[in-house]
Amino acid sequence: MDSSGKEVIKYKYQSVWVFENGVAPFENKDKYGYMNKEGNHIWNNVFSTASEFKNGLGLVTYNGEWGYVDGQGNWVYKLKNFNLLH
C-alpha cells in the first residue's frame with residue numbers, strides 16, 4: 001500500500017520491505033528477491049536472504065555465500081556458485 005492506503009502491489013508475498021531507490025526486497029515461498037514499485041521482479045525469489053538497499057546495493061546470500069546486486073538486476077559482487085537466471 002502507498003501512504004494514502006491505496007493497494008499498489010497485489011498481496012501475494014509473505015512480506016515486502018521498505019523501498020529504497022525504488023527497489024524493495026520481498027519474501028515468497030521462504031526465498032527472497034527484489035521488486036520495483038510497480039511490482040515487477042528485478043531479481044526473482046531465489047536467495048536465502050536479501051537486505052534492504054543501502055547506497056544503491058542489496059546484500060544477498062545463497063547457499064552460504066554472499067554477494068551484492070544493484071537495482072537494475074546486475075551483480076556488483078557475484079556469488080561464486082550462483083548460476084540461476086533471474
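Author: Let us begin with the pairing of strands. Strands (E, at least two residues) and helices (H or I, at least four) are DSSP runs numbered from the N terminus, and two strands pair if DSSP finds at least two bridges between them. Here strand 3 (residues 31–36) and strand 4 form an antiparallel pair with three bridges. This is a predicted model, in which local features need pLDDT of at least 70 and side-chain atom pairs count only at pLDDT 80 or more, while totals for chains, interfaces and linings use all residues. Residues are numbered from 1 along each chain as its sequence is written, and side-chain values use heavy atoms, with hydrogens and water left out.

Reader: Which residues of strand 4 are the bridge partners of Met35 and of Tyr34?

Author: Met35 has His41 as its bridge partner, and Tyr34 has Trp43. Four residues lie between strand 3 and strand 4 in their hairpin, where Gly39 takes a positive phi near 90°.

Reader: What is the place of Asn36, and is Asn36 buried or exposed?

Author: A residue is called buried under 20% relative accessible area, exposed over 50%, and partly exposed in between (1.4 Å probe, protein chains only). Asn36 lies in strand 3 and is buried, because its relative accessible area is 18%. The side chain of Asn36 also reaches the backbone nitrogen of Glu38 at 3.0 Å.

Reader: In what order do the strands of this sheet stand?

Author: The order is 1-2-3-4 in an open sheet of four strands, with antiparallel pairing. Strand 1 (15–16) and strand 4 (41–47) are the edge strands, each pairing on one side only. Glu27 belongs to strand 2 (residues 23–28) and is buried, because its relative accessible area is 12%. From C-alpha to C-alpha, Glu27 and Val16 are 6.4 Å apart in space, although eleven residues apart in sequence.

Reader: What order do the strands of the other open sheet have?

Author: That sheet of four strands has the order 5-6-7-8, also with antiparallel pairing. Strand 5 (49–50) and strand 8 stand at its edges with a single partner strand each, so one side of each has no neighbour in the sheet. Strand 6 and strand 7 form an antiparallel pair over six bridges. In that pair, Tyr62 stands opposite Glu65 in strand 7.

Reader: Which residues make the nonpolar surface patch?

Author: Patches are made of residues with over 30% relative accessible area and no salt bridge; like charges are joined within 9 Å, and nonpolar side chains (Val, Leu, Ile, Met, Phe, Trp, Tyr) within 5 Å. A salt bridge is a side-chain nitrogen of Lys or Arg within 4 Å of a carboxyl oxygen of Asp or Glu. Accessible areas come from the Shrake-Rupley method with a 1.4 Å probe, and for residues only the protein chains shown count as cover. Leu59, Trp66, Tyr68, Val76 and Tyr77 make a patch of about 470 Å². Strand 7 (65–70) and strand 8 (75–77) are the elements that give two or more residues to it. Tyr77, in strand 8, counts as partly exposed because its relative accessible area is 42%.

Reader: How many helices and strands does the protein have?

Author: The protein has zero helices and eight strands. Of its 86 residues, 36% are buried.

Key: A polar contact is a pair of N or O atoms within 3.5 Å; within protein, one must be able to donate a hydrogen and the other to accept it, and residues adjacent in sequence count only if both atoms are side-chain atoms.
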